[in-house]
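Work through the exercises below with the sequence and the coordinates at hand. Each task is followed by a stepwise solution.

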Amino acid sequence: QMEQDAAAAAAEAAAKAAALEQESRTALAAAVDSAAAPVPTVARSTSRRTLSMCEVCGEARAAVKRSKNASKVCKECFYRLFEEEIHETIMREKMFKRGETVCVAASGGKDSTVLAEVMTTLNARHDYGLLLHLLSIDEGISGYRDDSLETVKRNQVQYKLDLTILSYKDLYGWSMDEIVTHIGRKGNCTFCGVFRRQALDRGATRIGADKIVTGHNADDIAETVLLNVLRGDVPRLQRCTQATTGADGSLPRSKPFKHAYEKEIVMYAHFKKLDYFSTECLYSPNAYRGFAREFLKDIERADASTVLNIIQSGETVQASASFKMPTQGTCGRCGYISSQKLCKACVLLDDLARRKSIVYEQ
């Protein structure tokens with residue numbers, strides 16, 4: 001009986017082992033089949049890809065997120081949009097007339113280089129019929145202006161435009177380096193700004209130009225609005241947002257970039273690989289304007305529309321009827337426009353002469 005029981009137990013164990021082996025083979029086969037089976041394709045999200053495509057043409061990848069409206073556009077569409085917006089400003093403000101000679105204020109920096117590029121492009125594309133002429137002012141700042149003027153000379157060759165260069169030394173008998181030696185770095189931007197503005201007018205008059213165009217952009221104009229508010233300068237506050245100033249005079253000055261953001265000008269110059277000089281003026285870090293610039297940049301980081309909003313606010317400012325606006329006349333010494341007996345440039349030159357005589361007496 002014991003032998004029968006042992007045989008039965010052995011048979012049962014063998015049957016269990018066979019069953020387990022079969023289960024193992026079945027599981028292994030299933031695993032092999034699963035590994036060999038094609039992996040189901042997961043549909044990729046197209047949202048990211050869609051966002052990176054140009055919102056204008058839909059064909060090329062976006063390269064620029066515009067400051068003005070946050071739209072994402074490719075390089076070619078950005079070029080065209082940027083240029084045509086400048087054209088719209090020119091047409092809306094009626095800046096030019098066919099046959100006019102227009103001086104392009106050229107410093108070699110990004111703004112003036114892009115201005116030369118865009119004005120040359122639009123003049124040909126829309127047949128403005130303008131004679132463009134580059135005009136540069138050499139303030140006499142060693143290690144800065146001498147290098148930037150080399151850039152202007154290359155631009156002259158590239159755009160095939162005539163170039164005239166005038167210097168502070170020739171016009172006023174002083175270079176900015178000499179002025180800073182006598183007055184120090186505080187307040188030197190006042191001298192430079194006054195002299196440069198008059199120098200541009202004098203240069204344009206020598207050329208026989210009808211108008212001057214400058215590369216002042218939306219950020220520059222917004223900064224000027226803030227500065228004039230801080231200074232309480234109502235006359236300048238009313239003028240600074242105008243696309244063309246001095247329209248009733250002999251030499252109007254226009255700003256085609258009035259609504260163009262600085263960031264977009266930088267991107268345009270970068271993508272087009274324009275030849276421009278990017279070093280900051282050696283004396284500008286101490287400029288009062290720098291505080292307004294930093295303040296504006298901080299606000300712009302939160303809301304880019306702030307720039308154009310400030311300009312719009314400046315456009316709506318009007319002096320009360322009781323406020324007496326200065327009457328424009330001419331300087332009794334040099335004949336330049338002035339609301340005083342002497343223009344600001346002549347007053348500053350007198351100040352320099354006084355400082356120089358004091359130094360010599362010491």
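The model is predicted, so local features need pLDDT of at least 70 and side-chain atom pairs count only at pLDDT 80 or more, while totals for chains, interfaces and linings use all residues. Residues are numbered from 1 along each chain as its sequence is written, and side-chain values use heavy atoms, with hydrogens and water left out.

**Exercise 1.** Determine whether His 87 is buried or exposed, and list what it touches.

Step 1. His 87 lies in helix α3, residues 75–92 (helices are DSSP runs of H or I, at least four residues, numbered from the N terminus).
Step 2. Its relative accessible area is 12%, so His 87 is buried (buried is under 20%, exposed over 50%, partly exposed in between; 1.4 Å probe, protein chains only).
Step 3. Leaving aside residues up to four places away in sequence, His 87 touches Leu 122, His 126 and Tyr 128 (contact: heavy atoms within 4.5 Å).

**Exercise 2.** Which residues of helix α13 are buried, and where do they sit around the axis?

Step 1. In α13 (residues 306–316), Thr 306, Val 307, Ile 310, Ile 311 and Gly 314 are buried.
Step 2. They span an arc of only 140° around the axis, so they are on the same side of α13 (the arc is taken from the directions from the helix axis to the C-beta atoms).
Step 3. Their cover includes α9 (218–231), α10 (234–239) and α12.

**Exercise 3.** Classify Phe 291 by accessibility.

Step 1. Phe 291 belongs to helix α12, residues 289–302.
Step 2. Phe 291 counts as exposed because its relative accessibility is 60%.

Terms used: Helix = DSSP H or I, 4+ residues; strand = E, 2+ residues; numbered from the N terminus.
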